[in-house]
Every structure is written in C-alpha cells, then in structure tokens.
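Subject: Structure handover

Hi,

Here is the structure for you to pick up. My notes on what was found in it follow below.

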Amino acid sequence: MPPSVMSTSNSADVLRSPAAVSAIGLRKSYGDRTVLDGIDLRVPAGSVFALLGPNGAGKTTAVKILSTLVSADDGQAQVAGHNLATDPQAARAAIGVTGQFSAVDGLITGEENMLLMADLHRLPKAEGRRVAAELLERFDLTDAAKKPASAYSGGMKRRLDIAMTLVGDPRIIFLDEPTTGLDPRSRHTMWGIIRELVTGGVTVFLTTQYLEEADQLADRIAVLNNGRIAAEGTADELKRLVPGGHVRLRFTDPTSYRNAAATLTDAAPDDEALTLQLPSDGSQRDLRTILDRLDTAGIDADELTVHTPDLDDVFFALTGPATAPTQPKEEVR
Ligand SMILES: Nc1ncnc2c1ncn2[C@@H]1O[C@H](COP(=O)(O)OP(=O)(O)OP(=O)(O)O)[C@@H](O)[C@H]1O
Ligand SMILES: [Mg+2]
C-alpha cells in the first residue's frame, strides 16, 4: 500500500482506506517556470478530494500528470495501484477525466458524442448504444440526445462531458472545475451527480474555484499555492488553521455600550459601530462562558453574532496577502 502523507488527522475513516491516488514529490516546470515544486497527495479510495488554488497554481497540471496526459519531471505517483512511470496504460484504464475545457464535439449530437466514447472504449456496438442511452437518461439529456451539442446550454454540455467520462465505468474520476460557469441550480445538480458517483464507490478528484463546493463535497481538501501544498485536511481542519473566530456584540444604546466596554476589558471595542468583539472559537462551551459573563455583568446586547472562519478565509490566508478579505462573513446565531 502506498504510504500515507500530508495527513493532518488520524481520525477520519477514509484515511484508513487504500489510496486510489497517491503522489510523492511531484515536480513539473515549463521552461524556467516551476509549476509544481514537489507535491505530496493521498486520496483514499471512495472519497472526494478537492484541489483548490488560485488561477495558474497548477491544478490542471496536477490533474494532467495524475491522469497520464503529461509526465512529471520528478516524483512518484500511483493511480489505482499502478505506478504512472512504469504502467501508465493500466492507470489510464482505471480512470475517467473531465477536462477544464469541454471535450464535447459541437458538430455532432450528444448521442453521437457518447457513441464515439463507447467506440474509444472498444465497447461492442449494442453495448455502446445501451450504455450511451442509460447515461443520457441519467444526466437528463435524452430529449436533447439527437440535437447537435453546439445547441446545448453550458450546463447541458457539462453534463454531457461527465456522461462521456463515465462511459468506460471508471472507478476513479478526475473533474477539473466541473461546475465553473454553471448557475446555482445546475451546480447543485452536478453536486448531486458527484455524490451519487461516490455512493457507487467511485473516487473523485476534483479541482474547483468554489470554496463552498469543496466544503460541500470533499472529504479532504488541499490548497495549492506557489507550487506547493500549503495545507491539507478536512474543511473543518483547514478552518481551524485560520485565527479570527469571534463573537460580536452590538448595542444601540451608547450608555449600555460604554458600560459593557468598561466591563469586558478583553473585548475589542468599535465606538462608531457600538460593537464589542470577543475572541471565540464558536464552540458551545465557549459561547456559554461568554453568555454567563454577560449575564453576571448585567449586560444586555441588542445582537450577538458568531463569526467562524470559513474556507474563503482559509483560501485568502494561505494564498497570499494580495487578496486579503475585506469583509469577514457573519453568521447570526
Ligand atoms: N503546456 C504548457 N506550456 C507552458 N506553460 C504551461 C503549460 N500548461 C500550463 N502552463 C503554465 O503552468 C501554470 C499552471 O497552469 P495550470 O493550468 O496548471 O493552472 P490552474 O491552477 O489549473 O489554473 P486555472 O485556475 O486558471 O485553471 C500557469 O502559469 C500556466 O501558464
Ligand atoms: Mg486549471
């Protein structure tokens, strides 16, 4: 079994599964630009792994290396138990890849695109037709099957892309930005599709620009920055890396505000907004302590909001100061 690397938790069951994808020390440069500067990854079988990172971080490059489309300059990788350097054919047979840019041929119909994939997988004709019809149905494309794919909407094209990826019944699929450009409803449909695949035992390696997507789907998330994995873990583990959790008390009456500020000396005051900010991890125990303190001091705030760092905060904190967040997100409890 490949070694476990970069794990920040031993508790998650998925970590004990054999790795569907693993890599150690992957490097890739284009000319004098180092895109991947030694990255380690481990994706347990049957889990969803999300690779996050700013534009140009090397997400697509990582997907292309792991899906045998380009070779790494250095490092080792195994996919479905096959070493990419010595047995890329076997690895390729186990995977499906949906690229960042559509592989759909617009000049032919959705059905013809599917049948082309069936031919590529060397399925017998009748079997190819059966699989194509079944997948078109599953992705709600039966009505559009006979129309040229160029007439499809972005969401339909993306669904067709994934349907084409599934023709060979791959156990591991790579989805490079599966929902970019989709409206919220289509995005949720796609999430449902991905969850179904995972329920069926498929391992999903996806890249995304949408932090909520990683939060919703992924068992584990890695943030790629400057050619390295800046952090890796569950969404909760990543959120804990970022300080800044707090409780904010808002007052409408200036006198109540001043009294509270005089009592809660550890709170950061904002005299303009009449708010006090107390550091907090947002846990129930911590909130109870704060509420007890307020009660004991007879402080009656008009509003109490809890701020816990979200993946946006993690992303901003890990991927450089140039894009620091201006407005923290508030969650009213
Ligand atoms: N074939 C290539 N030749 C030269 N440079 C390349 C090639 N492919 C990628 N690059 C460069 O490698 C870097 C990483 O590109 P990559 O496409 O992997 O980033 P990405 O994280 O997928 O970005 P995005 O979020 O924009 O999709 C970029 O600077 C890109 O210009
Ligand atoms: Mg990309």
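S29 stands opposite T34 of β2. Strand β1 covers residues 19-30, strand β2 covers residues 33-44, and nine bridges join them in the antiparallel sense. Strands here are DSSP runs of E with at least two residues, helices are runs of H or I with at least four, and both are numbered from the N terminus. Two strands pair if DSSP finds at least two bridges between them.

On provenance: this is a predicted model, in which local features need pLDDT of at least 70, side-chain atom pairs count only at pLDDT 80 or more, and totals for chains, interfaces and linings use all residues. Residues are numbered from 1 along each chain as its sequence is written, while chains are lettered from A and ligands numbered from 1 in the order in which they are written.

Back to the hairpin. Two residues sit between β1 and β2, and G31 takes a positive phi near 60° there. D32 lies in the loop between these strands. D32 counts as exposed because it has 5 C-beta neighbours inside 10 Å. The cut-offs: a residue is buried if 20 or more other C-beta atoms lie within 10 Å of its own, exposed if 12 or fewer, and partly exposed in between, with C-beta atoms placed from the backbone. D32 and E137 are 105 residues apart in sequence, and their C-alpha atoms are 47 Å apart in space.

β1 has a further pairing. Five bridges link β1 to strand β4 (residues 74-79), again antiparallel. V21 has V79 of β4 as its bridge partner.

Overall figures

The chain has eleven helices and 15 strands. Its C-alpha atoms fill a box of roughly 80 × 45 × 40 Å along the principal axes. Of the 333 residues, 40% count as buried. Contacts with a separation of 6 or more are 68% between residues 24 or more positions apart. A contact means C-beta atoms, placed from the backbone, within 7 Å.

UniProt, in an unreviewed entry, places the feature "domain: ABC transporter" at residues 21-251. UniProt positions use the numbering here, feature names are shortened, and annotations may be inferred rather than shown by experiment. Over residues 21-251 the chain is 35% helix and 29% strand. The end C-alpha atoms of that stretch are 52 Å apart.

The six-stranded sheet

An open sheet of six strands runs in the order β6-β7-β8-β3-β9-β10, with mixed pairing. β6 (95-98) and β10 (228-233) stand at the edges with a single partner strand each, so one side of each is left without a neighbour in the sheet. From one strand to the next, the twist averages 15°. Angles run from 0 to 180 degrees between N-to-C directions, and axes are lines fitted to C-alpha atoms, for helices over the stretch in contact.

Strand β9 (residues 220-225) runs antiparallel to β10, joined by five bridges. V223 faces A231 of β10 across that pairing. α5 packs on the sheet and touches β6 and β7. The direction of α5 makes about 160° with that of β6.

P170 lies in the loop between α5 and β7. Buried or exposed? P170 counts as buried, because it has 20 C-beta neighbours inside 10 Å. P170 touches A94, I95 and G96, leaving out residues up to four places away in sequence. P170 and D74 are 96 residues apart along the chain, with 27 Å between their C-alpha atoms.

Two helices

R187, M190, I193, I194 and L197 are buried in α6. They cover an arc of only 115° around the axis, so they lie on the same side of α6. The arc is that of the directions from the helix axis to the C-beta atoms. These buried residues pack against β3 (48-52), α5 (154-165), β7 (172-176), β8 (203-208) and α7 (211-217). The face of α6 turned away from the buried side carries exposed P184, R185, G192, E196 and T199.

Helix α6 (residues 184-199) has 16 residues, which should span 22 Å at 1.5 Å a residue, and its end C-alpha atoms are 22 Å apart, in agreement. The expected span is 1.5 Å times one less than the number of residues. Just after α6, G201 takes a positive phi of about 95°.

Helix α10 (residues 284-296) agrees as well: its 13 residues should span 18 Å, and its end C-alpha atoms are 18 Å apart. G298 follows α10 with a positive phi near 65°.

Best regards

Technical notes: Contact = placed C-beta atoms within 7 Å.
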